[in-house]
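Student: I have a new model open on my screen and would like to learn how to read it. Could you walk me through it?

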Amino acid sequence: MSASENVLQCENVSRWFGGIHALKGVSVSVAQGQIYGLVGPNGSGKTTLVNCITGFYPPQEGRILFEGRQINGMKPYRIAAGGIARTFQNVALFRGMSVLDNILMGRHNFMHPNPLASLFYPWWARREEIQHREKVEEVIDLLQLESVRDEHVDVIPLGLQKRVELARALSAEPRMLVLDEPMAGMNQEEKEYMVRFILDAQESLGLTVLIIEHHMDVITAICDRTLVLNDGMALAEGPPKEAIADPAVVAAYIGRTGDAA
Amino acid sequence: MFYRQSGVYHTRYAADRALWPIPADRWQVLALAALALAAPLLVSSLYLGSYLMPWMIWTAAALSLSLLMGLAGQLHFGFAAVMAMGAYTSVHLVRAGVPFELALLGAGLFAAVIGTVFGAAALRVKGLYLVMATLAMQYLVDWVIVNVPAISGGAQATLRTPQVRFLGLPIQDLTSRYYLALGWTLLVTLFFLNVKRTSFGRALIAIRDKDFAAAVIGVDPFRYKLLAFMTSSFLGGVTGAVLAFCYYRAVTPEQFSFNVSIQLVAMVLVGGLGSAVGGYLGAGFVLIVPIVLTNLIATLGASQWIDISQNMMAHLPLIFYGAMIIGFLLWEPLGLAKIYDNTRKYFLVWPFRHSRS
């Protein structure tokens, strides 16, 4: 596969924090329209890799290319403007705002925030606000959030909060969506809903998705390819069922047969 | 305020995002505005000049600071210095022959520029360190004002504000000064409410609540913190000028000392961070408390209940501000605005017990 077909390309990405070597030369290639799974035991470097991609901290070694453009070392807000949106493992919603305002935040890159525009609201800001409200309502419709639209985000259940976070990311019209454990702490029903929403969004918006998840049933059900990380290194890569069945992966998760004694 | 929501359905987004989406609420706000406009006819000049007008001006100041502290979440303990810059700039501009309208604008711009320069330096630090940096600004500005005779006219000097006209009307008698103060406060209030419903305000709140989440959605945190400093300092500067021309009618360095900064922080915290209603309640409460306290203690002193020195009397309000800030932070961090909101919601669903959110 040539580099031009790959939306996201990580080449030998390494990152360490003091003495902890969190990522050791990991390479990932995600093709346009794929749902790419990232799995591995706790502390294996999944979130570190995602943080490198979204610009929280630059990798010390290696390159990250998004649509052929080098993005490692760019500030998070620049990467966001470039078309990558993400959600967080621990819900990171703006707790002082309503659900609607949280999702409207996703439109930030398309709006022109400015104190003077706020002052002259009827003449300057109203049209833009309403135009983007219409866009946001499409996302609310897609993710079925109508009933909680006007609620404060901290009074709705966790499952819905995660969905609001997804809605916020989607309303930024990204070309690539990075989901960090979107189903952590959910029950079976909420999980099934979430999978449906991710698939719907991916299909209707033509997204490329990079997803970290611990639920293997989800990974095998929706991912096109999967990378298994352990201890900062790539253990196996390929279609999810094959990658997970790899003996090295089984060993990392459950331990070697010999260890049991 | 108090109303019933039943029967109010919005069919357009513009109506849904109106400042007061419920008709009953709109009428109540209009009634309050009418009362404020009619105040010179309704109350004696003593009340107008020494209660209502300062309340309005300090509300504008509290709202200016609340934009920075409440919406953007950046602490500022030197806001009196910002107002001082506005007050002195306006007086000197008017003395140099600049029309009053432009002098007000100039006061805001000067305060905004200096405030932003300090902000840019201060924003490299967070939390307590930001408090220290803004405190440094307070003392620096105080020092410059006192020690540069060209600004203050000498260490103990009082600069009287010149006669001015606003849009052709003389700002001389109490009524005209009250209307100017009221107009500015209403404008600041409208601006504050509009900021909260537009993308600018959302970006500020996003930075306050979760700066890293704001960054991954495309907000440049530094840029917006700086914009918040700039906007808030502009409003503070103009408010300082309005305070000088309408209320004090003179400027001295003590009017904008460190105590005043603390008083402003108390107004914002007691009233409720990031709330427009809170600005009014906080400013009113903080202004009325020392008066009530002084009267109470004077009465007690006169009836031989307690013995208290003049010196102690002067410091009692400050002690009380401190106690109030601690009390509110402990028990009601969202201040009087939240207490008002809870009461309102209780009556909205009365006789039932539970209200949503």
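**Reading the contact and the fold**

Tutor: Happy to, and let's begin where the chains meet: 37 residues from chain A and 28 residues from chain B make up the contact. Keep in mind that this is a predicted model.

Student: Which helices of chain A supply at least two residues each to the side that touches chain B?

Tutor: Those are H2 (76-81), H3 (99-105), H4 (115-119) and H5 (121-142) of chain A. H5(A) gives the largest share of that side, with six residues.

Student: How do the residues on that side of chain A divide into nonpolar, polar and charged?

Tutor: You'll find 21 nonpolar, eight polar and eight charged residues there.

Student: Now the chain itself. How many helices and strands does chain A have?

Tutor: Ten helices and ten strands.

Student: And how do I read strand pairing?

Tutor: The general idea is that strands of a sheet pair through backbone hydrogen bonds, either parallel or antiparallel. Here, strand E1 (residues 6-17) and strand E2 (residues 20-31) of chain A run antiparallel and are joined by eight bridges. To find your place in that pair, look for Gln9(A), which stands opposite Ser29(A) in E2(A).

Student: Which other strand does E1(A) pair with?

Tutor: Strand E4 (residues 61-66) of chain A, through five bridges and again in the antiparallel sense.

Student: What about the overall shape: what radius of gyration does chain A have?

Tutor: Chain A has 19 Å, which agrees with a compact globule, because one of 261 residues would come out near 18 Å. Its C-alpha trace spans about 70 × 40 × 35 Å along the principal axes.

Student: What percentage of the residues of chain A count as buried?

Tutor: Of its 261 residues, 46%. Look at sequence separation too: among contacts in chain A between residues at least 6 apart in sequence, 67% join residues at least 24 apart.

Technical notes. Residues numbered from 1 in each chain as written. Chains lettered and ligands numbered in written order. Predicted model: local features only at pLDDT ≥ 70, side-chain atom pairs only at ≥ 80, totals over all residues. Pairing = 2+ DSSP bridges. Helix = DSSP H or I, 4+ residues; strand = E, 2+ residues; numbered from the N terminus. Rg over C-alpha atoms; globule rule 2.2 N^0.38 Å. Buried ≥ 20, exposed ≤ 12 C-beta atoms within 10 Å, placed from the backbone. Contact = placed C-beta atoms within 7 Å. Nonpolar A, V, L, I, M, F, W, Y, C, P; charged D, E, K, R; others polar.
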